[in-house]
Structures are given as C-alpha cells and as structure tokens.
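Open the structure in your viewer and keep the selection tool at hand. The stops below follow one another, each with something to select.

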Amino acid sequence: MSNLAYTNPNVSSIGINYINEYFEAFLGSKSTNTANNYIIDINTYFKEIFDKEAEHVTIEDIESTKSIHAYRFYSYLKHDANNGKGYKNASIKRKINAVKSFYKFLRVDHKMVNAHIFDNLELDSEELVVNV
C-alpha cells in the first residue's frame, strides 16, 4: 500500500494557485503590508472555518459556506483570536473585508460562490452589529 494520499480528480482545490492569482490580480496594487495581511487573514479564515490549510481547501468548501460561517468567523475574531483577547473592531473589519474581497474574486469564475455571506454583518458601524 502506498503512502501517497488519494486525490479525487472531481474535487477542485482552491489551494495556493487561487491565492497567488488573487495576490497578483488584486493585491498587487496594494501596499506590500496590506497584501500580506490580506493573505494571512484569508488563511486564518480557512483554518477557522474549514480546519484546513489553504492548499487543501476546495472550491466545494468555498461554495458550501453560508452566513452562519461568516458569523462564526466574526465571533472567533471578536472573542477567541489574539490569544483569547479578540481583536478591535477596525482589525475585525479588515479581516472580514479581506475574505469578502477574496470571495468576490472567486465568484467571477465560480458562480456558485456566495459572495454575500458577510452581508448580515454591519461593518461600517462604530460597533459591529450582527443582523439575524
């Protein structure tokens, strides 16, 4: 028996390729610091929501996300991240906007990606509000 992992040819991995394309197409116009932070934020989202590294996240994973996942990520950022202290609202907004932007980028080629999962979070308010 081989030690190689089975790869299902019917499952499309988002992996590093989409993140690299996103980095070049969209983040290339941003400052290096902003671009690097967006990549970290997207990877944090993958780890928290899918419990996977970027190279193991599939398009099917992304397509399966719902607004409850957005709320779970928000809750993680607000209460559990940053060694249990949570982040301030400005940091939470940037992290969520990074993921929203990535979803919009993916939606161009993958129409089943829901680019609106964060719409119930009011990111423009002083205090973040979750509409349920």
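In which loop is the place of Asp51? Select Asp51: its place is in the loop between helix 2 (32-50) and helix 3 (59-63). Helices here are DSSP runs of H or I with at least four residues, strands are runs of E with at least two, and both are numbered from the N terminus.

Before going on, note that this is a predicted model, in which local features need pLDDT of at least 70 and side-chain atom pairs count only at pLDDT 80 or more, while totals for chains, interfaces and linings use all residues. Residues are numbered from 1 along each chain as its sequence is written, and side-chain values use heavy atoms, with hydrogens and water left out.

Just after helix 2, Asp51 has a positive phi of about 55 degrees. Most residues other than glycine have a negative phi. Asp51 counts as exposed because its relative accessibility is 69%; exposed means over 50% relative accessible area, buried under 20%, and partly exposed in between, with a 1.4 Å probe and protein chains only.

Next, select Asn82, in the loop between helix 4 (67-80) and helix 5 (89-107). Phi of Asn82 is also positive, near 60 degrees. With a relative accessibility of 32%, Asn82 counts as partly exposed.

**Helix 2**

Now select helix 2. Its 19 residues should span 27 Å at 1.5 Å a residue, and the end C-alpha atoms are 27 Å apart, which agrees. The expected span is 1.5 Å times one less than the number of residues.

Colour the buried residues of helix 2: Ala35, Tyr38, Ile39, Asp41, Ile42, Tyr45, Phe46, Ile49 and Phe50. Seen down the helix axis, these buried residues fall within an arc of 160 degrees, so they line one face of helix 2. The arc is taken from the directions from the helix axis to the C-beta atoms. On the face turned away from the buried side, select the exposed residues Thr32 and Asn33.

**Aromatic rings**

Show the rings of Phe, Tyr and Trp (its six-membered ring); two rings pair if their centres lie within 6.5 Å, and planes under 30 degrees apart count as stacked, over 60 as edge-to-face and the rest as tilted. By this rule there are nine aromatic pairs. One of them is Tyr45 and Phe46, with centres 6.3 Å apart and planes at 50 degrees, so the pair is tilted. Tyr45 is buried at 1% relative accessibility, and Phe46 is buried at 0%.

Move to Tyr71 and Tyr74, an aromatic pair that is tilted, 6.1 Å centre to centre with 40 degrees between the planes. These two tyrosines, Tyr71 and Tyr74, are three residues apart in helix 4, and therefore separated by about one helical turn. Tyr71 is partly exposed, at 38%, whereas Tyr74 is buried, at 9%.

Then select Tyr45, Phe46, Phe50, Phe73, Tyr76, Phe102, Tyr103 and Phe118, which form one aromatic cluster.

**Lys95**

For the last stop, select Lys95 in helix 5. Is Lys95 buried or exposed? At 9% relative accessibility, Lys95 counts as buried.

Leaving out residues up to four places away in sequence, Lys95 touches Asp41, Phe73, Leu77 and Tyr87, where contact means heavy atoms within 4.5 Å. Lys95 also lies over the face of Tyr87, at 4.5 Å from the ring centre. A charge sits over a ring if NZ of Lys or CZ of Arg is within 6 Å of the ring centre and within 35 degrees of the ring normal.
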